[in-house]
Amino acid sequence: MQSANGILYISSTITRRQGYLYAYNAKDGQQIWKDAYNNPSPIVIASGRIYFSELAPAIGAKESHGLYVSSGPGRSIIYALGSDGKEVWHKDVAYRVIALSASNGTVNYAEDQLTVTPAKATAKD
């Protein structure tokens, strides 16, 4: 959960493959927007943007009864949203993102296959 400019942002996971991001007015608790994502990570807010990742099926994964079956590693998608919940950009990542941080327009992320230096993605407005 994060807050900025009077808005409270919450990520919620309901099942392994289902979750939501919510935005609420911090004063009166009214929901501003809600969007569905696959197991969204905790939210990071920086420079007026909302950053998070979601799980995506591994390349070559096959869907079976609503679940993806694969022998390979999972992958992620990193998103940058505006305060209105609209996507500004996204980046596909080959492995599962395990940590996000953001500052000065740069998003740093660590994948579950990396142990030393996190990779970087830079958002250009």
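This is a predicted model: local features need pLDDT of at least 70, side-chain atom pairs count only at pLDDT 80 or more; totals for chains, interfaces and linings use all residues.
The protein has 0 helices and 13 strands; here helices (H or I, at least four residues) and strands (E, at least two) are DSSP runs, numbered from the N terminus. Of the 125 residues in the protein, 38% are buried, where buried means under 20% relative accessible area, exposed over 50%, and partly exposed in between (1.4 Å probe, protein chains only). Among the contacts with a separation of 6 or more, 29% link residues 24 or more positions apart, a contact being heavy atoms within 4.5 Å.

An open, antiparallel sheet of 4 strands has the order β1-β2-β3-β4, with two strands taken to pair if DSSP finds at least two bridges between them. Because β1 and β4 (31-37) stand at the edges with a single partner strand each, one side of each is left without a neighbour in the sheet. From one strand to the next, the twist averages 20 degrees; axes are lines fitted to C-alpha atoms, for helices over the stretch in contact, and angles run from 0 to 180 degrees between N-to-C directions. In general, strands of a sheet pair through backbone hydrogen bonds, either parallel or antiparallel.

The pairings within this sheet can be followed residue by residue. Strand β1 (residues 2-4) is joined to strand β2 (residues 7-15) by 3 bridges in the antiparallel sense, and Gln 2 stands opposite Tyr 9 in β2. Between β2 and strand β3 (residues 18-25), also antiparallel, there are 8 bridges. Ser 11 has Leu 21 as its bridge partner in β3, while Ile 7 is partnered by Asn 25.

Ala 23 is buried, its relative accessible area being 0%. Beyond its neighbours within four places in sequence, Ala 23 is in contact with Ile 7, Leu 8, Tyr 9, Gln 30, Gln 31, Ile 32 and Trp 33. The C-alpha atom of Ala 23 is also separated by 8.5 Å from that of Asp 84, 61 residues apart along the chain.

A further sheet, again open and antiparallel, is made of 4 strands in the order β5-β6-β9-β10. Its edge strands, β5 (44-46) and β10 (87-93), each pair on one side only. Neighbouring strands of this sheet are turned by 25 degrees against each other on average, direction ignored. Strand β6 (residues 49-56) runs antiparallel to strand β9 (residues 75-81), and 7 bridges join them; Phe 52 has Tyr 79 as its partner in β9. Antiparallel pairing of β9 with β10 spans 6 bridges.

The turns hold several positive phi angles. The hairpin of β9 and β10 has 5 residues between its strands, and Gly 85 in the turn has a positive phi of about 85 degrees. In the hairpin of β1 and β2, 2 residues lie between the strands. There, Asn 5 has a positive phi of about 50 degrees although it is not a glycine, and Asn 5 counts as exposed at 78% relative accessibility. Ser 47, in the loop between β5 and β6, likewise is not a glycine and has a positive phi of about 50 degrees. At 54% relative accessibility, Ser 47 counts as exposed.

Finally, there is the second largest pocket, which holds about 200 Å³ of space. On a 1 Å grid over the protein atoms alone, a cavity is a set of points where a 1.4 Å probe fits but cannot get out, and a pocket is an open set with protein on both sides within 12 Å along at least five of seven lines; lining residues have an atom within 4 Å of a point. Its lining has 14 residues, of which Ser 41, Pro 42, Ser 53, Val 97 and Ile 98 lie nearest the centre. β11 gives the most to this lining, with 4 residues.

How values were computed. Residues are numbered from 1 along each chain as its sequence is written. Side-chain values use heavy atoms; hydrogens and water are left out. Grid points are joined across faces, edges and corners, and a volume is the space filled by probe spheres set on the points.
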